[in-house]
Amino acid sequence: MAQIKCENLSLGYESTEIVSGLSFQVNAGDYLCVVGENGSGKTTLMKAILGIHKQIKGEITFGDGIKRGDVGYLPQQTAVQRDFPASVEEIVLSGFQGKKKFSPFYTAEEKQTALENMHKMNVCSLRDRCYRELSGGQQQRVLLARALCAADKILLLDEPTSGLDPKVCSDMYALIKELNEKYGMTVIMISHDVEAALRYSTHILHMGKEAFFGTVEEYKKSDASKGFVCHHPKHF
């Protein structure tokens, strides 16, 4: 069943289009990687899906009982966010804030869910540590646990391995794949790592002059893929 459907989208800023006529849908259990050159509109698309950036034209609709507030989001971190002085447990629990109305307190059920998500991300032992004292890989695991507290069925990830060393990147990709396959989370991930996109995802959305949407195998045979290979030979 389609959880997110984008039809004839035009995206940009101040009426200046950077993407036009974009159509695709994401079904339950899909792992969609969004690839393309810098400036092709990947992050703008993700913000439009989240409702924090308004598309110029077109429609974004949700199905399968999904609402925007049910979507977990892991954005790219800023330097200020990396230095945030809160405990790991506080960071993870804050993922529930989008679902709460005015209560500043967390329920026993929310605390238990946060603990389960920390366990999934292998950060339970860090729950009392200060977030800013963690390594980059540990911080990403914590933020992924936080996103899981917000997510019921869908995770949106914007370059989740940016700035991480190869071993940590590999571990992060494995965790995301486990969330997709073992726990049934639908994943939409922006990535510059085309090799990882082809290895882990089920579908590819290539944004650029030659937009493409389809399965990984279809993408490998497409003109969009061939054009991208020329610019990123090391990824193949």
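Predicted model: local features only at pLDDT ≥ 70, side-chain atom pairs only at ≥ 80, totals over all residues.
Residues are numbered from 1 along each chain as its sequence is written, and side-chain values use heavy atoms, leaving out hydrogens and water. Helices (DSSP H or I runs of at least four residues) and strands (E runs of at least two) are numbered from the N terminus.

**Helices α5 and α6**

- The axes of α5 and helix α6 (residues 166–181) are 10 Å apart, and the two pack at an angle of about 15°.
- Axes are lines fitted to C-alpha atoms, for helices over the stretch in contact, and angles run from 0 to 180 degrees between N-to-C directions.
- α5 and α6 are therefore roughly parallel to each other.
- Angles under 35 degrees count as roughly parallel, over 145 as roughly antiparallel, 65 to 115 as roughly perpendicular, and the rest as oblique.
- Contact means heavy atoms within 4.5 Å.
- By class, the α5 and α6 contact has seven nonpolar, two polar and two charged residues.
- Ala, Val, Leu, Ile, Met, Phe, Trp, Tyr, Cys and Pro count as nonpolar, Asp, Glu, Lys and Arg as charged, and the others, Gly among them, as polar.

**Helices α4 and α5**

- Helix α4 (residues 108–120) packs with helix α5 (residues 136–150) at an angle of about 140°, and their axes are 9 Å apart.
- α4 and α5 are therefore oblique to each other.
- The crossing of α4 and α5 is right-handed.
- From α4, the residues A114, N117, M118 and K120 meet A145, L148 and C149 of α5.
- By class, that contact of α4 with α5 has five nonpolar, one polar and one charged residues.

- V92 sits in helix α3 (residues 88–93).
- V92 has a relative accessible area of 0%, so V92 is buried.
- Buried means under 20% relative accessible area, exposed over 50%, and partly exposed in between (1.4 Å probe, protein chains only).
- Leaving aside residues up to four places away in sequence, V92 touches A114, M118, V142, A145, R146 and C149.
- V92 and K167 are 75 residues apart along the chain, and 24 Å separates their C-alpha atoms.

**Cysteines**

- The disulfide count is zero, where a disulfide is a pair of cysteine sulfur atoms within 2.5 Å.
- For C33, the closest cysteine sulfur is in C169, 13 Å away, which is too far for a bond.
- C33 counts as buried because its relative accessibility is 0%.
- For C124, the closest cysteine sulfur is in C149, 11 Å away, again too far for a bond.
- C124 is partly exposed because its relative accessible area is 25%.

**Positive phi values**

- Most residues other than glycine have a negative phi.
- N8 has a phi near 50°, a positive value in a residue other than glycine.
- N8 belongs to strand β1 (residues 2–13), and N8 counts as partly exposed at 48% relative accessibility.
- D64 also has a positive phi, near 60°.
- D64 is in the loop between β4 (57–62) and β5 (71–74), and D64 counts as partly exposed at 25% relative accessibility.

Methods. Left-handed = near helix turned anticlockwise from the far one by under 90°.
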